[in-house]
Number of protein chains: 2
Amino acid sequence: MKKYDVIVIGASAAGLVAAITARRHYPKKSILVIRKEKLVPIPCGIPYAFGVVGTPEKNLIPADDTMKKNAIDTVVDEVVKIDPKAKTVTGASKDEFGYDSLVLATGSRPVIPPFPGVNKKNIFAIQKDVPYLETAIEAMGKAKSLCVVGCGFIGVELAEECRRRYPDLKISIVEMLTHCLQLVYDEEFCVKAEETLKAENISLSLDEKVESLEGGEYVEKVKLDSGKEIDVDIVLLGIGAKANTELAKDAGLEIGLTGGIQVDRYMRTSDDSIFACGDCAEKVSFFDGKPSALKLASIASMEARIAGANLFSTHRVNMGVIGVYSTVIGDCAFAAAGLTKAQAEAKNYHVVEGVAESINRHPGCMPGGEMLSVKLLFEVGSQVIIGGQVNGAKSGGELINAISACIHQRMTANDIATFQTGTHPALTASPIAYQLVNAAEVAIQQMSA
Amino acid sequence: MKKYDVIVIGASAAGLVAAITARRHYPKKSILVIRKEKLVPIPCGIPYAFGVVGTPEKNLIPADDTMKKNAIDTVVDEVVKIDPKAKTVTGASKDEFGYDSLVLATGSRPVIPPFPGVNKKNIFAIQKDVPYLETAIEAMGKAKSLCVVGCGFIGVELAEECRRRYPDLKISIVEMLTHCLQLVYDEEFCVKAEETLKAENISLSLDEKVESLEGGEYVEKVKLDSGKEIDVDIVLLGIGAKANTELAKDAGLEIGLTGGIQVDRYMRTSDDSIFACGDCAEKVSFFDGKPSALKLASIASMEARIAGANLFSTHRVNMGVIGVYSTVIGDCAFAAAGLTKAQAEAKNYHVVEGVAESINRHPGCMPGGEMLSVKLLFEVGSQVIIGGQVNGAKSGGELINAISACIHQRMTANDIATFQTGTHPALTASPIAYQLVNAAEVAIQQMSA
């Protein structure tokens with residue numbers, strides 16, 4: 001039996017980053033990553049493998065190269081057992097390895113709702129698995145009518161990518177909430193996204209639940225509880241994900257309230273030698289410390305940087321998940337960080353918003369100008385920022401990270417309004433019109449009114 | 001004599017923002033802006049008026065519209081006298097106005113070095129004055145050989161814009177420092193900028209001083225102190241700017257060590273009823289509190305937001321200038337915030353840098369991918385960030401503002417390495433490769449080595 005100082009199980013965003021971080025912080029430790037999949041897809045890139053990227057093989061994390069460059073051993077095997085007392089893990093191959101510190105980065109798998117008929121052919125969930133995705137994309141190439149169930153990020157991105165690749169495909173999306181992307185954006189941005197989808201000839205059934213999936217061997221119809229029926233020959237499920245915790249449970253580790261592996265602020269599980277990070281780990285909200293079911297590759301990577309650094313000496317603390325998102329819908333960036341207005345109100349915050357919109361060039365006739373709109377949410381008593389949303393030009397994908405920094409640091413509206421920003425005619429709005437500081441000013445005006 | 005609660009002198013980045021901010025914070029106060037120029041150019045857009053924007057008339061701050069929308073009175077007149085005892089200002093027109101609070105936003109004017117021959121025709125400084133700029137651009141249209149003196153932002157931007165508009169123009173830049181943009185970027189980025197300029201057939205004379213400007217009525221030659229001579233028929237001076245402080249001096253206000261109007265952290269001058277902001281005001285460094293000669297529209301706008309809010313009640317504090325810059329050279333964004341390595345070392349900081357480079361998409365084959373490189377500087381003892389530079393994709397123009405937020409908040413390398421960032425295949429690098437957090441990780445590795 002070979003023994004390693006560190007073993008990481010999983011090689012997606014969490015596992016890979018945990019291993020690299022361990023290497024950075026502990027240059028002399030031996031590190032092994034055990035992963036199940038020969039090929040590791042980039043999780044956020046999967047919808048694009050259905051479209052512009054073309055195939056799952058072009059959407060891979062360069063796991064082996066990265067390991068080699070970082071002097072990390074790697075084995076493709078499925079860990080089937082952890083023995084926390086003996087400090088060993090056993091693979092399906094029967095190979096056994098000893099560890100000093102173990103990191104669980106076992107990820108998540110898609111939720112498959114118990115719809116009657118969900119096991120018919122041509123119904124695919126978004127498995128992070130290359131051969132499975134290849135089968136789904138092959139089926140998509142022959143399809144005439146697609147129904148996407150779930151209008152969150154994956155649903156929207158899949159529908160749009162399929163629209164671009166298959167201009168004649170009939171596409172519909174079914175969503176049980178009132179709006180598309182409702183858990184991430186305030187209503188006005190959700191409505192904008194819906195309008196874009198409709199203009200792309202993607203039909204939306206909002207506020208509708210799937211009752212059953214009908215057909216013979218292959219799916220033929222999506223039946224909704226309103227009685228509506230959609231004729232289809234392929235269905236993609238983009239509903240959400242569920243932590244992979246079987247190994248942890250079998251090893252006797254505590255499981256948290258949302259079903260993830262329970263961890264403390266150092267990413268340590270109930271066993272001091274075992275850490276967990278990424279989709280498999282339980283999370284709490286940055287705002288109120290309550291359990292949070294958020295699962296994002298960027299959160300996985302943050303948690304992995306904490307777990308990897310803390311393996312042999314505590315360096316880093318996880319203050320909880322903020323939720324920072326971005327996507328492109330139509331030709332427009334949609335990005336968000338922190339709480340939406342509805343979420344903030346549900347947590348009983350007294351919220352004020354400030355919105356500022358401007359073209360991202362100055363003067364406006366500079367080439368490449370696009371509108372960019374920023375909305376910030378503040379708690380009135382403390383004037384601390386609790387959320388932000390960005391819509392418009394693609395540079396919004398980086399601007400949301402400035403907003404994320406403001407949220408992390410619990411900056412007040414005054415801090416943001418007087419924050420020194422870099423601006424340039426060919427890159428941003430003018431310093432007079434700069435959206436981030438003006439949105440804070442607008443909010444302050446309302447708080448003092 | 002009409003009396004106003006607030007009078008602002010000047011309507012560029014500082015004056016306009018001070019007036020709008022006063023309106024936002026004091027909805028019931030009467031506000032008058034007095035400005036000298038009928039048309040107010042966007043200061044950072046001036047180099048682009050020589051190129052892609054085409055004319056100074058397309059590069060204007062919409063001063064009158066903005067005033068009207070904000071219920072601010074406006075007068076075009078040159079204030080020639082302030083009486084701080086009587087609390088009045090007098091225009092060249094002899095019109096007199098009374099004030100309760102006065103804001104000086106009189107800006108700066110270009111430095112005209114005392115080169116022999118500097119008064120010859122076809123030698124232009126970058127005056128923020130539309131008729132003057134029109135004359136310069138008209139002369140440029142007839143020129144065959146341009147020499148730009150000064151290779152800071154304005155010099156580089158002017159040279160590139162003239163290259164694009166006049167493909168046959170001979171263009172050279174003379175700079176007395178060793179590198180182009182040396183006060184803003186570390187050497188590797190300066191060299192990259194220089195290579196881009198050379199590839200655009202712009203010849204650089206670095207480490208060279210102008211000795212004299214030769215010719216008859218019109219300039220014909222730039223003589224350097226190395227003996228080198230450059231044949232020209234037009235010269236643009238892009239050397240720096242000098243605070244406009246005559247009015248303040250005549251009114252008996254204190255002047256600071258770099259020649260600006262002395263102000264406290266609330267932007268108040270030595271007279272309690274008079275505030276100053278923007279290029280005319282003295283500044284101190286965010287880092288060591290020493291006098292700083294930085295002059296930027298984004299700083300002007302920040303100071304104006306402080307001055308405008310503080311006019312009748314103290315709300316906001318100016319902790320000093322960080323210096324956040326961006327530009328585009330070739331097709332590449334160059335952005336920086338805080339101290340360069342050379343500046344930090346001159347201040348006796350023990351500095352460590354971390355660099356991370358990645359394509360700004362994931363997977364790399366996503367459309368629109370460009371390299372984006374981030375360099376962060378930390379002080380070793382505290383691990384606090386003191387500077388950052390970004391080079392590559394245009395989204396770097398917003399990413400620098402995330403770095404600026406980190407600097408404002410004195411975030412440590414650990415804070416930045418575990419900061420939750422939004423990432424998306426069509427907008428940014430992957431969470432694994434995200435440059436900002438990885439640059440912090442690289443720096444930490446060196447600090448603990």
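Strand 4 and strand 5 of chain B form a hairpin with four residues between them, and K87(B) in the turn has a positive phi of about 60 degrees. Helices (H or I, at least four residues) and strands (E, at least two) are DSSP runs, numbered from the N terminus. This is a predicted model, where local features need pLDDT of at least 70, side-chain atom pairs count only at pLDDT 80 or more, and totals for chains, interfaces and linings use all residues. Residues are numbered from 1 along each chain as its sequence is written, while chains are lettered from A and ligands numbered from 1 in the order in which they are written.

**The hairpin in chain B**

- Strand 4 (residues 79-83) and strand 5 (residues 88-91) of chain B run antiparallel, with four bridges joining them; two strands pair if DSSP finds at least two bridges between them.
- D83(B) has T88(B) in strand 5 of chain B as its bridge partner.

**Domains of chain A**

- Chain A splits into domain 1 (2-108 + 242-310), domain 2 (112-239) and domain 3 (324-448), with bounds that come from an automatic or database domain assignment.
- Between domain 1 and domain 2 of chain A, the C-alpha centres lie 30 Å apart.
- Where these two touch, 15 residues of domain 1 of chain A are in contact with 15 residues of domain 2 of chain A; contact here means that the C-beta atoms of two residues, placed from the backbone, lie within 7 Å.
- On the side of domain 1 of chain A that touches domain 2 of chain A, there are 10 nonpolar, three polar and two charged residues. For these classes, Ala, Val, Leu, Ile, Met, Phe, Trp, Tyr, Cys and Pro count as nonpolar, Asp, Glu, Lys and Arg as charged, and the others, Gly among them, as polar.

**Strands and sheets in chain A**

- Strand 1 (residues 2-9) of chain A pairs in the parallel sense with strand 6 (residues 96-104) of chain A over seven bridges, and I7(A) stands opposite L102(A) in strand 6.
- Strand 1 of chain A also pairs with strand 2 (residues 31-35) of chain A, again in the parallel sense, over four bridges; there V6(A) has I31(A) as its bridge partner.
- Further along, an open sheet of five strands in chain A has the order 20-21-24-23-22, with antiparallel pairing.
- Strand 20 (324-329) and strand 22 (351-359) of chain A are the edge strands of that sheet, and each pairs on one side only.
- Six bridges join strand 20 of chain A to strand 21 (residues 332-338) of chain A, and one of the bridge pairs is Y325(A) with A336(A).
- Helix 10 (residues 396-408) of chain A lies across strand 20, strand 21, strand 23 (371-379) and strand 24 (385-392) of chain A, at about 10 degrees to strand 21. Axes are lines fitted to C-alpha atoms, for helices over the stretch in contact, and angles run from 0 to 180 degrees between N-to-C directions.

**A parallel sheet in chain B**

- Chain B has an open sheet of five strands in the order 8-15-9-10-11, with parallel pairing.
- Strand 8 (123-125) and strand 11 (202-205) of chain B stand at the edges with a single partner strand each, so one side of each is left without a neighbour in the sheet.
- From one strand to the next, the twist averages 20 degrees.
- Strand 9 (residues 145-149) and strand 10 (residues 170-174) of chain B are joined by five bridges, and V148(B) has I173(B) as its bridge partner.

**A helix pair in chain B**

- Helix 1 (residues 13-25) and helix 8 (residues 297-310) of chain B pack at an angle of about 30 degrees, with axes 7 Å apart.

**Where the chains meet**

- 69 residues of chain B are in contact with 68 residues of chain A.
- Helix 10 of chain B gives the largest share of chain B's side, 10 residues.
- By class, chain B's side has 38 nonpolar, 24 polar and seven charged residues.
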